[in-house]
4 protein chains.
Amino acid sequence: MKKQIKSIVEINENSLSRYFSLFIQALILISIVTFSMETIPDLEPQTRSILRAVEIFCVIVFTIEYLLRIYVADSKLKFIFSVFGIIDFLAILPFYLSFGVDLRSLRALRFLRLFRIFKLVRYNRAMNQFTKAIKMAKEQILLFFFITLILIYFSAVGIYYFENEVQPDHFSSIFDSLWWAIITLTTVGYGDVYPITVGGKVFTFFILMIGLGIVAIPTGIISSALTNSVDSKDQE
Amino acid sequence: MKKQIKSIVEINENSLSRYFSLFIQALILISIVTFSMETIPDLEPQTRSILRAVEIFCVIVFTIEYLLRIYVADSKLKFIFSVFGIIDFLAILPFYLSFGVDLRSLRALRFLRLFRIFKLVRYNRAMNQFTKAIKMAKEQILLFFFITLILIYFSAVGIYYFENEVQPDHFSSIFDSLWWAIITLTTVGYGDVYPITVGGKVFTFFILMIGLGIVAIPTGIISSALTNSVDSKDQE
Amino acid sequence: MKKQIKSIVEINENSLSRYFSLFIQALILISIVTFSMETIPDLEPQTRSILRAVEIFCVIVFTIEYLLRIYVADSKLKFIFSVFGIIDFLAILPFYLSFGVDLRSLRALRFLRLFRIFKLVRYNRAMNQFTKAIKMAKEQILLFFFITLILIYFSAVGIYYFENEVQPDHFSSIFDSLWWAIITLTTVGYGDVYPITVGGKVFTFFILMIGLGIVAIPTGIISSALTNSVDSKDQE
Amino acid sequence: MKKQIKSIVEINENSLSRYFSLFIQALILISIVTFSMETIPDLEPQTRSILRAVEIFCVIVFTIEYLLRIYVADSKLKFIFSVFGIIDFLAILPFYLSFGVDLRSLRALRFLRLFRIFKLVRYNRAMNQFTKAIKMAKEQILLFFFITLILIYFSAVGIYYFENEVQPDHFSSIFDSLWWAIITLTTVGYGDVYPITVGGKVFTFFILMIGLGIVAIPTGIISSALTNSVDSKDQE
């Protein structure tokens, strides 16, 4: 009996297990859509009660699935405190705590479970290669992150001195200038704050010239790591 | 007779075939330009009738070309249901159905035919290498696409909680927030919606730091795949 | 005599030639700055006459330099119709034709001459490698350019159908929509035109998902070509 | 005695030295935060005096640290005129000169000191590889920077001729157009200035098509250099 449930709940090559996992994934998608729809203002009461019913159904199924997974796990404690075990728990917890909506968005985390399937079925090689590349580039990525933070802070301090007097509303303090620095260096450029003084514009030019280089670095790092991870695999 | 037409209509090294294909390509361009011009409001009736005449001429030529291609095809059914056969059919269908403008934009698809020429004449190696690189990176690109979707959804949920109360017009539901998430993570940044709360701005900072990395990944993947596809070719 | 002038005017290792080329380069810079300054509105008459004097001085020196270069050239005709010969001629032509400002901006082209120096002195290897990489990737870059054009046209047609009715001012024709498509797919995102309908936003999402990939491709191509050009150099 | 202080102040494997360096780093962070907070307008006098006290404490500690570092240095002059020696001096100088806030932002430069630790402890390999990659690509990066400057100048001249008459406020001179050129070519796109004429829009299209390629080049260079620096390391 337990063995049979295990063969369905856990990932296997048999068709029942595949249907079960497809059913759960469909339910995750439905639960995410209903969660998103509940945030629409001025919903009709009827729609709201339908969404609520779908919500209850999802949570019940997820709860049964969670209990089944604990039941069939070789080591129950190990499953409960594993990443997927915690995600499964957090996905149903908010409903029972009647916390309302706050934590329900965590249900999206359940989507991460799909990775487990990918890992087994198809994305095995891609994931391995990717993890390897990230691991190889870990130190460089940290270094880049640190350099980016320093660059953003310096940009914020610089633009503050140039623009504070002319635009006291938009560049009222260094914290406000940080917002400008982030939006500019990532090249998002909403256009809510921008320099208007000549000094500020020249300063922005130099910051962007360096910033473009900074944006180029992580791409180079990951690309280089991926190339090398494939190369080293080839040599095995 | 059939053999002679075949040598003109299908791609060959003789000059007649080259002139024919250049003529068709020029007509595709003209037909795209007239199609675009018809959408200009307040056109003079004279201009409109000229455009209409050009349109009719193009469709007649395309129809003759389509029929000739069927006539010379070794296997008529195979050509009709091939990608280029369907494109050729869809390019003339809307005119005969008097559907008006809706499907005529599909004529642009005929441009894809140029690839066939590229493939034979010049772009053979580039296309092969590129297809190989895409095929090699298929799993990784799918994986990245999936991660991007999850990231966009999380960003939308996060910004909704931060900005909904302060800007109920711009972040009225998670679906509205999704628009912000897409425009921000792709660094387009129109500036129609942006966070104004401190929490929303700090959240945007973290999302962008991760987002920059996500944008860097497909570049790394394709670049890595291209490098490797060339490497493996060198070793042959 | 001619030999001595030649050793100064053309690039050589002796110090006189180096001073001469530095002097010309400084004059190019000055001439670009004065050209830019003349466009400032409401200049005082005194400033304007100074700028005019600098302008005349620059043109006289450039003319003497041009004549000297013809004088010392081994083949006079070959120099006159070479790229640098034409640039040198166009840089002084507008002044003599009294065309005013229109063509004077071409003087910036003279800066290209610096490349000649780079080639000899320092940037020899970098330029060679770069030219090699571009040559290797030429077909792929053309292919990418072609795909980008098709993608931009399709985006413009798509957004036209979604937004034309709601925003007839911003998306009045496919030509207007092309502007939106370019600004969005390059992730510039000025914010002067953006979709407001749900359909237009969803369409933008898909276009951007593909667009990000398109932006990633040339980077991958150039990066791959550079890596391979270095690799093949190493094996020599 | 001197030897003991040296073992604490300079980077070593013993725990006292580690605590000392953590303490200094924490103080740098605190000093940056207080410096940023002081720029917030309308602070209460009480808050301001607390910030002032923290500031004085930080400067005293930094001064003692600076003097200790001179004391324990093998060659005092060499330390004073080293990069870190000058940074340490500049970090405390503004306070004593009562210059006020202007130079205090330089304290952030002290963060660069962290690199020294990274170099020794963890980021040794990453930094080495990175420095090597930058050194290899130095000529190419300079070349790209030069091409970018020429491209930006040309874009500014071009857009000036297209937009000056229609938008004399936004494109009043070539210097104003330069601002547009920088913001557009880096794809920031604030939306404060953008072309509105058909000519200006078509010109922007061509500039962006080339600009995308330019942005792609440094990424390719760094990525290529990183790949090669790893490759050459592997072969050792």
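Predicted model: local features only at pLDDT ≥ 70, side-chain atom pairs only at ≥ 80, totals over all residues.
Figure 1. Is T148(B) buried or exposed? Its relative accessibility is 7%, so T148(B) counts as buried, the cut-off for that label being under 20%. Setting aside neighbours within four places in sequence, you will find T148(B) in contact with I214(B) and M209(C). One of these partners, I214(B), belongs to chain B, and M209(C) belongs to chain C.

**Figure 2. I50(D) in helix 3 of chain D.** Here we turn to chain D, where I50(D) sits in helix 3, residues 45–72. Its relative accessibility comes to 51%, and I50(D) therefore counts as exposed, a label that asks for over 50%. Where does T34(D) lie relative to I50(D)? Along the sequence, T34(D) and I50(D) are 16 residues apart. In space, 9.4 Å separates the two residues, taken from C-alpha to C-alpha.

**Figure 3. The packing of helix 1 against helix 3 in chain C.** Two packed helices are described by the angle between their axes and by the distance between those axes. In chain C, helix 1 (residues 2–9) packs with helix 3 (residues 45–72) at an angle of about 120 degrees, and their axes are 9 Å apart. That angle makes helix 1 of chain C oblique to helix 3 of chain C. The crossing of these two helices of chain C is left-handed.

**Figure 4. Side by side: the residues that join helix 1 and helix 3 of chain C.** Which residues make the contact? From helix 1 of chain C come K2(C), I5(C), K6(C) and V9(C). Helix 3 of chain C brings L68(C), R69(C), Y71(C) and V72(C). Sorted by type, the residues of this contact are five nonpolar and three charged, with no polar ones.

**Figure 5. Chain A, helix by helix.** How many helices does chain A have? There are nine, along with zero strands. Followed from the N terminus on, the elements read α-α-α-α-α-α-α-α-α. Chain A has 236 residues, and 50% of them count as buried. Take the contacts in chain A between residues at least 6 apart in sequence: 62% of these join residues at least 24 apart. As for the surface, chain A exposes about 11,500 Å², with 68% of that area supplied by carbon and sulfur atoms.

Key:
Residues numbered from 1 in each chain as written. Chains lettered and ligands numbered in written order. Heavy atoms only, no water. Axes fitted to C-alpha atoms, helices over the stretch in contact; angles between N-to-C directions. Helix = DSSP H or I, 4+ residues; strand = E, 2+ residues; numbered from the N terminus. Parallel < 35°, antiparallel > 145°, perpendicular 65-115°, else oblique. Left-handed = near helix turned anticlockwise from the far one by under 90°. Contact = heavy atoms within 4.5 Å. Nonpolar A, V, L, I, M, F, W, Y, C, P; charged D, E, K, R; others polar. Buried < 20%, exposed > 50% of the residue type's maximum accessible area, 1.4 Å probe, protein only. Areas by Shrake-Rupley, 256 points an atom, 1.4 Å probe, with all protein chains shown as cover.
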